[in-house]
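Subject: Structure handover

Dear colleague,

Please find the structure below, with the sequence beside it.

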Amino acid sequence: MMADLGYLGVLASLVTSAYVTAAALAGARRGHASLVIGARRGVVAIALLLTLASAILVGSFIARDFSLKYVAENTNLSTPLAYRISGFWGSMDGSLLLWAWILSLYSAAVVLINRERHRRLMPYAIAVLMGVLAFFLLLLSSVSNPFARLPFPPSDGRYLNPLLEDPGMFIHPPVLYLGYVGITVPFAFAIAALITGEVGEAWTKSTRRWALASWYFLGMGLTIGGWWAYRVLGWGGYWGWDPVENSAFMPWLVMTAYLHSVMVQERRGMLSVWNLGLIIVAFGLSIFGTFLTRSGVVSSVHSFARSSIGPVFVIFLAVAMTGALGLLLARMNRLREHNYLESLLSREASFLFNNVVLTAAAATVFLGTTFPLLYEALKGVKIFIGPPYYNQVFVPIALLTLLVMGIGTHIPWGQESPGHLGRRLQVAALIALLGGVLLVVVGIRKPAALSGFVLSLFVAAITLNEFARGTAARRRLGEGVSRATVSLLRTNPQRYGGYIVHLGVLLMVVGITASSAFSRQVEMGLAPGEEAQIGRYRLTLKSVVPYRDSTRAGRAARIAVSNAGHPLGELRPAQALHLASRQPVTLVGLRSTLRDDLYIIFSGVIDGKARLRVLLNPLVFWIWVGAGVLTLGTLVAVLPERRRLVPERP
Amino acid sequence: MSGPPRSLWLLVLVLVAGAAWVLSPERAASQTIDERVREVAGRLMCPVCEGQTVAESNAELAEQMRALIRDRLQQGQTAEEIIAYFVSRYGESILAAPPRRGLSLIVWIGPFAALALAAAIAVATLRRWTRASPGSPAGVPRP
């Protein structure tokens, strides 16, 4: 009964979204304000309807209503309450409902925030938002209806995947979706800007925070996914260049490019065509990513979420991209802007180079992700494009991005003389050089890793120098260090928030570089009482004991860890069977410190010896710290700008 | 130009010292057998897994393959010989990255070609813009 109400909610939303799209377009064309007001109300109504539908689906999961096919396929009687709730987005139908629900909430927020603003843009933006939503609602009401009933309800449900029973399941998918879906808002405004011809500041200004938020959520969703995989999947890493990971990474890269190039538009009124193009591509990639995750066309660790809705997505993607890019081309002539630069050596130019490297990085990931599909279609052979490829092709481009990030930070708007820039860069270059020499002396010889560290040091020095200069100006006015820093952030949150984000990215780069270049892996068989050494850690197998928790049972290896005779406690990696699904699961033994992670995988006992794979991954912790710093920087960057007390130095 | 404050130097010193402390010199030594096994295994996809390399997988087959790689390395075979052996048994779909020939050459050259092309276009565009006349209606040069 309740479930039928949920389905009714989806159907009503579909009808309303179709009406809203038509009404908003008609209202804008004919200037009927009442139609537009009706459309706005419709948007809010859809948000309420889909909230209700989502609540009903969650309720059905909590109540274990196995008469619903989707519930029966994603939970069973042994599923704890928490994971019944997250079963909502456990596979495709619910994930699509989550997509639609988030989009409806975003759309309602857009409508409420812009009640009095952008009278020309808004109707078209509403039409685009609701048009996209209508596509998802069409899927939800037909081929992937989460409220579909089973003719004969089973007494117990099926278990999908034990790996999804993890706290990561609560954060990773919703956060990632907040990012994916969020790109629709700037996209809608971009299309509205193209239709109305108002391609100036209005659309970029009103969507700056939306773009920043979706960029942030995408990046954070990826990081949380990596953290989850690292702890739970038990293969020793956090990133595998998996097609599904890649498909969220691509829009992130393009949005990163956009967030930089849009500053040129805001400051100089240039690059508007380019920015519109970037947003359109980012939206296309977000739909492509959703499609790739949900279609199962690629082999991936995420392939629990397979289905046959692929073709529908491809058609939607093709229509949306042809329409949007076609519109951009058709308006190209009207978008001729007066472009003028004082110098090739300017912040404007450096942002352009930033865009060159970031879009090349995105293109590389796109090529690596999609090429196997093309190859299979042409040659009938499956190939993989995995980590060795990206290490050789993506890493050099990423290093180049770091270089541009560093130099660009020190180049002011307008123009800069090479001599002055050289003098400004020399301190950072000296620091980087010194650091490089030191690293070589201590034995860091791998070229890629060495370059990664040296460039990170270079960019860090430059970024911190910007802070030092900024606060110095205020301290001369008599402010203390902390007050000077706070007022620096308050008067120019966008710029200095951005620099904090850069510092967070650098920490992540250092953590990723160290843990991928200097990770050590040793495989061993230990009998009880035997010892082994890895790095500074001495491991002693005490015994192999039965393992049991509420959902899994198996065996665990009790391993005493010590460092130079000091006992550091015990790790208990386990090999277990998930009872409800009969699937094997690996429980990693992990000791994480600021310096390195001791990571132990226990795979069973052969000839009385416990088989262990032991990894020592340096500096992994700093990846998570970097994500925290990045969060802080993003929060600063969305702060409203306070009136300047001190004129900004160029 | 004003020099950086002393605190910055201190921070850099701490960073460098920290990096030196973390990445101790023993790692400069020539590759151990474990590292070589991992490197070769990282170039092969685990045939029974979804998107994992032989180096990462906990599958029994992957473990056996790692043991085989270790044996062969210890017998003096090169990484290329071992890879060739696995390709002869499983076909090229076992490779974690496609070979640099034929159609697959596209993925190896494409990104760098695209990067060079994009950079050339950017430079050409910027040059055109610097030659244009100032007096942009929308331009707000500086605050």
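The domain bounds used here come from an automatic or database domain assignment. For chain A that assignment gives domain 1 (1–160), domain 2 (161–335 + 343–399), domain 3 (400–518 + 625–637) and domain 4 (520–622), and the centres of domain 1 and domain 3 of chain A, taken over C-alpha atoms, are separated by 43 Å. For chain B the assignment gives domain 1 (29–94) and domain 2 (102–128), whose C-alpha centres lie 34 Å apart.

Please keep in mind that this is a predicted model, in which local features need pLDDT of at least 70 and side-chain atom pairs count only at pLDDT 80 or more, while totals for chains, interfaces and linings use all residues. Residues are numbered from 1 along each chain as its sequence is written, and chains are lettered from A and ligands numbered from 1 in the order in which they are written.

The strands of chain A

Helices (H or I, at least four residues) and strands (E, at least two) are DSSP runs, numbered from the N terminus, and two strands pair if DSSP finds at least two bridges between them. In chain A, an open sheet of four strands has the order β1-β10-β9-β8, with antiparallel pairing. The edges of this sheet are taken by β1 and β8 (589–592) of chain A, each of which has a single partner strand, so one side of each is left without a neighbour in the sheet. Within the sheet, strand β9 (residues 596–606) and strand β10 (residues 609–618) of chain A pair in the antiparallel sense over ten bridges, and A:F602 has A:L612 in β10(A) as its bridge partner.

Strand β6 (residues 574–578) of chain A pairs with strand β4 (residues 552–563) of chain A, antiparallel and over five bridges, and five bridges also join β6(A) to strand β7 (residues 583–587) of chain A, again antiparallel. A:L577 of β6(A) is the bridge partner of A:A553, and A:L577 also stands opposite A:P584 in β7(A). The strands β6(A) and β7(A) form a hairpin with four residues between them, and in the turn A:R582 has a positive phi of about 60°.

Two leucines with positive phi

A residue is called buried if 20 or more other C-beta atoms, placed from the backbone, lie within 10 Å of its own, exposed if 12 or fewer do, and partly exposed in between. A:L271, although not a glycine, has a positive phi of about 65°; A:L271 sits in the loop between α10 (243–268) and α11 (272–295) of chain A, and is buried, with 23 other C-beta atoms within 10 Å. A:L619, also a residue other than glycine, has a positive phi near 60°; A:L619 lies in the loop between β10 and α19 (621–637) of chain A, and counts as buried with 25 C-beta neighbours inside 10 Å.

Helix α3 of chain B

Which residues of α3(B) are buried? They are B:A62, B:M65, B:R66 and B:I69. These residues cover an arc (taken from the directions from the helix axis to the C-beta atoms) of only 100° around the axis, which puts them on the same side of α3(B). The face turned away from that buried side carries the exposed residues B:E60, B:Q64, B:A67, B:D71 and B:Q74. Just after α3(B), B:G76 takes a positive phi of about 100°.

With kind regards
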